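I opened a new model today and kept notes as I went. Here is what I was looking at.

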Amino acid sequence: MVDNRYATALVIGSVLSLLATVYLSAAVGTQHWYQYSNPLVNQKGNASELLNGEFDENAYSNLMYLHNGTLGLWWWCCVLVRSESHWFNDPAPKMETHCVSFSLSQQFASKYKRPGNNSEEDLLRTYLWRCQFLLPLVSLGLVFLSGLVGVCACLCRSFTPTMVVGILHLLAGLCSLGTVCCFLAGVDLLHQFSPPPDGVESSLGWSLYLALISFPLQMMAAALFLWAARSHRKNYTRMTAYRVA
């Protein structure tokens, strides 16, 4: 028999967990973690420079700085003017967003202390780049695993696995926070080695804020699950002791 307080905590925790999963999934799948604003974006750019050829971090960074680019966990995007031949000067040129998604090998590629110069590997940037890719996947995997444990607990009509669910959500929240920290640290190091030109403004994107929101939601869900499991266990122990007495 489950007390109404514990049942309410489980329901609220499940809703918070679902919201956190939706927010984190949306953040991982979008490229607006960091964005740049350049007032001279109307200058024409060559899309083939971004879409073709080997990945050159320095060239990609400069193109992103100059063309209102956005940066994601595995996306680099920029806004380019569509090349159309007119006999007149079009006052409102057509703008297109071009994105490049990194392959698995590029995600685990080494980073260098001077982008564009593959002379000396930067281990800190390399592992920050890899962690920002792996940690959100680990977080989503832990939430999915906790959901399976919760379903098994319901089928077995046992309250004991709720403690495991809370611990998994706690670890998932830490992974979400680690993703944001690794990403911001990696961007800061990139700006040190390849600074944006004068006049280019940078700011955090809405995708990063979604990932930040998922962290407290996962922690609150973990707290509710852990409280419900611990309180129910104490209450069950007291009732058992009372019956034996």
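What follows is my list of look-ups, in the order I made them.

**Ground rules.** I am working with a predicted model, where local features need pLDDT of at least 70 and side-chain atom pairs count only at pLDDT 80 or more, while totals for chains, interfaces and linings use all residues. Residues are numbered from 1 along each chain as its sequence is written, and side-chain values use heavy atoms, with hydrogens and water left out.

**Overview.** I got 7 helices and 7 strands for the chain. Helices (H or I, at least four residues) and strands (E, at least two) are DSSP runs, numbered from the N terminus. Going along the sequence, I wrote down α-β-α-α-β-β-β-α-β-β-α-α-β-α. Next I checked burial, where buried means under 20% relative accessible area, exposed over 50%, and partly exposed in between (1.4 Å probe, protein chains only). Of the 245 residues in the chain, 39% are buried. I also looked at contacts, meaning heavy atoms within 4.5 Å. Among those between residues at least 6 apart in sequence, 75% join residues at least 24 apart.

**The cores.** In soluble globular proteins, nonpolar side chains tend to be buried together. So I searched for nonpolar cores, which are sets of buried Ala, Val, Leu, Ile, Met, Phe, Trp, Tyr and Cys residues joined through side-chain atoms within 4.5 Å. The largest has 25 residues, and Trp 33, Tyr 36, Leu 71, Trp 76 and Phe 183 have the most contacts inside it. Elements giving two or more residues to this core include helix H1 (4-28), strand S1 (34-37) and helix H7 (206-244). Which helix gives the most? I found that H6 does, with 4 residues. Another core lies apart from this one and has 12 residues, including Leu 142 and Leu 168.

**Around Tyr 36.** I left aside the neighbours within four places in sequence and listed what Tyr 36 touches: among them are Met 64, Tyr 65, Asn 68, Val 187 and His 191. Met 64 and Tyr 65 are also among the buried residues of H3. Asn 68 follows H3 and has a positive phi, near 50 degrees. His 67 sits in the loop between H3 and strand S2 (70-71), and His 67 is buried at 4% relative accessible area. From His 67 to Tyr 36 I noted 31 residues in sequence and 7.9 Å in space, C-alpha to C-alpha.

**H5 against H6.** The two helices pack at an angle of about 160 degrees, with axes 8 Å apart. Axes here are lines fitted to C-alpha atoms, for helices over the stretch in contact, and angles run from 0 to 180 degrees between N-to-C directions. That makes H5 roughly antiparallel to H6, a label for angles over 145 degrees. Gln 132 is in helix H5 and is buried, with 4% relative accessible area. Beyond four places in sequence, Gln 132 contacts Gly 72, Leu 73, Thr 179, Cys 182 and Phe 183.

**Disulfides.** How many are there? I counted 0 disulfides, taking one as a pair of cysteine sulfur atoms within 2.5 Å. For Cys 175, the closest cysteine sulfur is in Cys 131, 9.9 Å away, so it is too far for a bond. Cys 175 is buried at 14% relative accessibility. For Cys 181, the closest one is in Cys 182 at 6.9 Å, again too far for a bond. Cys 181 is partly exposed, at 44%.

Conventions
Angles under 35 degrees count as roughly parallel, over 145 as roughly antiparallel, 65 to 115 as roughly perpendicular and the rest as oblique.
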